[in-house]
Amino acid sequence: MAGISSLSSPVNTPAHAKELELIEETTKNAYELQNYALAQILTQNAHTEYLKNFNLDGATDRKSFLSKVPMVTYDDLQPMIQRLVDGDRTPILCALPISEFLSSSGTSSGDPKLFPNHEEETNRRLLLCSLIRPILNKFVKGWEQGKGLYFMFVKPEARTRGGHPIQPGSTGMVRKRDAESRPHDPYYDFTSPTEAMFCTDPFQSMYTQMLCALYERQQVGRVGAQFALGLLRAIRFLQLNWQQLTRDIRTGSLSPNVTDPSIRECMTRVLRPNPALAGFIAQECVKGSWEGIIIRIWPNTKYIDVIITGSTAQYIPTLDYYSGGLPKISWIYGSPECFPAINLNPICNPSEISYTIMPNMAYLEFLPYLPNSDPVDLADVKIGQEYELVVTTYAGLYRYRTGDIIRVTGFHNSAPQFRFVKRRNAVLSVGADETDEVELQAASEKASRFLEEFGASVLDYTSYAEAGHYVVYVELLVKKSGESPSDEVMEKCCVVMEESLMMNWVYRRCRVEEKSIGALEIRVVKSGAFEEMVDYAVSRGASVNLYKVPRCLTVKPILEILQSRLLSTHFTPSIPQSIPTPTKL
Ligand code: AMP
């Protein structure tokens, strides 16, 4: 099994030494750079309608800023953002002209949020992304010799009433870096042709990206997507379409299902009959087990490039299964609001991934994740403490609560490093209880480990509070087709999950003493049900690259999709006996 040790130890290369030095300098002067960033943001935007409300009178220091400008959420800003969306060109939030609106994935509420952006901020984010290469040079020897197989998708361009493009953060970045970097930067040497990545039809785009990657199977050195779900979607696509793909490779012709003229034109340069390659791929796909399929098809892959922190940690075992345990690199923590941090130590175990704050990207505050606390700045965070990130950005957000909860894990020079923990408002509750994403994830992991013994694991899950009890929808990855776990095993699985949830003492009290929470229910859904859920979200405007499965469901139509794909339901038969010691007050 490939693993972290299969990568070389750090390589000293003179290339990119300047950028590495820049990272060191920036993180050594974190506090000063934060002051500088705040002063710049306030100076640049002093005459915006928003800041004028708070009578800063030209002050750009923290004390004045924190005492006069309040912390806000999206709801507070929504009326102003709506005016911008409707075409108001006055400087409401930021002084620089708006170039686009970045949309969030809409995972939590179902409705994407929109954030104004400008060219200067896009360039700042691209600069941050460009730091990945020197770090790669340092840790992964020879990465530049292989091509990148990245499943990237763009959405059809939408525009606001005021005429600005609306795009997910990733779409704009793909377009811009493609235009500027692809011809000469080995990092952007992808197997996917531009025409395929920029095709807005998800099927035709994925089909062509996969076909090209199969042709270049020996050249691929890195495999990835933005979030883990995107890569798993590609594997499933291969499972469903390998027959047509191998037919195309055998004959050197393109499936009639791909109709996009620019793709058909560009594929004439790629397609050639290759019966030996087609035979090899068919032989790998027809095998009963898909274990290690990534490394079997793309044998020179050095690592998997996907974000696997936070709620996407759910997919680590499945990625390990498909990739034969290749190292997984999560590079960046970012959102449409802000790109504040990168991973400086990419080759580590997923449970140890920390992101380091780059103090010149925005001004950051850390609101302790405790009742009635006041935010602290970067110099005063405590290792081990959880905080909500509050950002002030060049693009016109001031003391904006992101809803992301992080835990500080250490410092690189004087810049804090953190682990992503969860979204603040993603909780499941039927009454006084509150179960968060982390607790649900722990329960799912334990259930998955329990099922391993019976030839299955939890591929994906979500939860819902219904009629006084928790319902957990799960899609199973059954290792040998036709050998699903029995009803008896699934009942025991309910017990395993519920024992895990009882680590939360409020849940335990409600369930055991007050009996206000009923038996936990697992609803097993058909294979592909979660993919259909993603398809639904994408059809409503979510980005394929960015969509994250909500772990606590609130959106009715998504619930209906899962409900209509039900295979079986199982309950905890009685209150679990081996009640663990609770940890959460
Ligand atoms: P969106 O869902 O479009 O708003 O995407 C941004 C959100 O994705 C952030 O606010 C985080 O909640 C999440 N996110 C971004 N980067 C990471 C990461 N590296 N690890 C975990 N979650 C992340």
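The structure is a predicted model, in which local features need pLDDT of at least 70 and side-chain atom pairs count only at pLDDT 80 or more, whereas totals for chains, interfaces and linings use all residues. Residues are numbered from 1 along each chain as its sequence is written, and side-chain values use heavy atoms, with hydrogens and water left out. Helices (H or I, at least four residues) and strands (E, at least two) are DSSP runs, numbered from the N terminus. A residue is termed buried under 20% relative accessible area, exposed over 50%, and partly exposed in between (1.4 Å probe, protein chains only).

Strand β7 (303-307) is mostly covered, with 5 of its 5 residues buried. In a regular strand the side chains alternate between the two faces of the sheet. On one side of β7 the buried residues are Tyr303, Asp305 and Ile307, and on the other they are Ile304 and Val306. Two strands are taken to pair if DSSP finds at least two bridges between them. Strand β6 (residues 220-227) runs parallel to β7 and is joined to it by 4 bridges; here valine 223 has isoleucine 304 as its bridge partner in β7. β7 also pairs with β8 in the parallel sense, over 2 bridges, and the partner of isoleucine 304 in β8 is lysine 328.

Both β7 and β8 are included in what covers the buried residues of helix α15, together with α11 (228-251), α14 (293-297), β19 (456-466) and β20 (469-478); contact here means heavy atoms within 4.5 Å. Of the 8 residues of α15 (residues 316-323), 6 are buried, namely Ile316, Thr318, Leu319, Tyr321, Tyr322 and Ser323. Just after α15, glycine 324 takes a positive phi of about 65°.

A further element is an open sheet of 8 strands with antiparallel pairing, in the order β9-β10-β11-β16-β15-β14-β12-β13. β9 (332-333) and β13 (376-377) each have a single partner strand and stand at the edges, so one side of each is left without a neighbour in the sheet. Within this sheet, β10 (residues 341-342) and β11 (residues 355-357) run antiparallel and are joined by 2 bridges. Alanine 341 has isoleucine 357 as its bridge partner in β11.

Most residues other than glycine have a negative phi.

Two other loop residues are buried. Leucine 271 lies between α12 (261-267) and α13 (275-286) and has a relative accessibility of 15%. Not counting residues up to four places away in sequence, leucine 271 touches Leu211, Tyr215, Asp248, Gly252, Ser253 and Leu254. Asparagine 504 lies between α17 (487-501) and α18 (505-513), with a relative accessible area of 3%. The side chain of asparagine 504 makes a polar contact of 3.2 Å with that of glutamate 439; such a contact is a pair of N or O atoms within 3.5 Å in which, within protein, one must be able to donate a hydrogen and the other to accept it, and residues adjacent in sequence count only if both atoms are side-chain atoms.

The structure holds 0 disulfides, a disulfide being a pair of cysteine sulfur atoms within 2.5 Å. The sulfur of cysteine 129 is too far for a bond, because the closest cysteine sulfur, in cysteine 338, is 12 Å away. For cysteine 493, which is in no disulfide, the nearest cysteine sulfur is that of cysteine 494, at 6.4 Å. Cysteine 129 is buried at 6% relative accessibility, and cysteine 493 is buried with a relative accessible area of 2%.

The second largest pocket holds about 840 Å³ of space. Of the 38 residues that line this pocket, the closest to its centre are Leu459, Leu476, Leu477, Val478 and Ser527. α11 gives the most to the lining, with 5 residues. On a 1 Å grid over the protein atoms alone, a pocket is an open set of points where a 1.4 Å probe fits, with protein on both sides within 12 Å along at least five of seven lines, and lining residues have an atom within 4 Å of a point. Grid points are joined across faces, edges and corners, and a volume is the space filled by probe spheres set on the points.
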